[in-house]
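These are my notebook entries on one protein model. I set down what I looked up, entry by entry.

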Amino acid sequence: MSDATKEKRQLKIKTGAVTRLWKEHTLYRNEQNENQAKLDKMRADGEADEWKLKNQVSLPIMSRVQECGRLIALGIRRI
């Protein structure tokens, strides 16, 4: 393969990875918003005990959102 073909293939792979990471980031952000709305509703209704609130808060979604954001930025820099 020529150098141009190799570079084009690498570019396609890298843009595909960034596209996939963007989709994951969006899904994780939506999941985080849904969980926050659920938590706010539980607090407003007063139906949640301490264990349920603590369990809902401890979900590691925020770290996944931040990690995807970091990987997207890294992928864009590599392109």
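Predicted model: local features only at pLDDT ≥ 70, side-chain atom pairs only at ≥ 80, totals over all residues.

**Entry 1: a first pair of charges**

I asked how many salt bridges the structure holds. The count is 4. I looked up two further ones, both in helix α1.

One joins the side chains of Glu24 and Arg20, at 3.1 Å from N to O. The two residues are 4 residues apart in α1, which means that about one helical turn separates them. Glu24 counts as partly exposed because its relative accessibility is 26%. Arg20 is also listed as partly exposed, because its value is 44%.

Another joins the side chains of Lys41 and Asp45, at 3.3 Å from N to O. Here too the residues lie 4 apart in α1, so the separation is about one helical turn. Lys41 reaches 53% relative accessibility; exposed means over 50%, so Lys41 counts as exposed. Asp45 has 45% and therefore counts as partly exposed.

**Entry 2: the overall plan**

I next looked up the secondary structure. The protein has 3 helices and 0 strands. Read from the N terminus, the order of elements is α-α-α.

I then checked the overall form. The C-alpha atoms fill a box of roughly 65 × 15 × 15 Å along the principal axes. The radius of gyration is 19 Å, whereas a compact globule of 79 residues would have one near 12 Å.

**Entry 3: the helix α1**

I looked up the extent of α1, which covers residues 3-45. This helix has 43 residues, and its first and last C-alpha atoms are 63 Å apart, close to the 63 Å expected at 1.5 Å a residue. Its buried residues are Val18, Leu21, His25, Asn35, Leu39 and Met42. Just after α1, I found that Gly46 takes a positive phi of about 70°.

**Entry 4: the helix α3**

I repeated the length check for α3, residues 61-78. Its 18 residues should span 26 Å at 1.5 Å a residue, and the end C-alpha atoms are 26 Å apart, so the two values agree. Which residues of α3 are buried? They are Ile61, Val65, Cys68, Ile72 and Gly75. Seen down the helix axis, these buried residues fall within an arc of 90°, so they line one face of α3. The face turned away from this buried side carries the exposed residues Arg77 and Arg78.

I then asked what the buried residues of α3 pack against. Their partner is α1.

Leaving aside residues up to four places away in sequence, Glu31 touches Ile61 and Arg64. Ile61 is among the buried residues of α3. The C-alpha atoms of Glu31 and Met62 are 9.6 Å apart, although 31 residues separate the two along the chain. Glu31 itself has 31% relative accessibility and therefore counts as partly exposed.

**Entry 5: totals for the protein**

Last, I looked up the totals. Of the contacts with a separation of 6 or more, 74% are between residues 24 or more positions apart. Buried residues make up 18% of the 79 residues. The protein exposes about 6,400 Å², and carbon and sulfur atoms supply 55% of that area.

Conventions: Residues numbered from 1 in each chain as written. Heavy atoms only, no water. Expected span 1.5 Å × (residues − 1). Buried < 20%, exposed > 50% of the residue type's maximum accessible area, 1.4 Å probe, protein only. Arc of directions from axis to C-beta. Contact = heavy atoms within 4.5 Å. Rg over C-alpha atoms; globule rule 2.2 N^0.38 Å. Areas by Shrake-Rupley, 256 points an atom, 1.4 Å probe, with all protein chains shown as cover.
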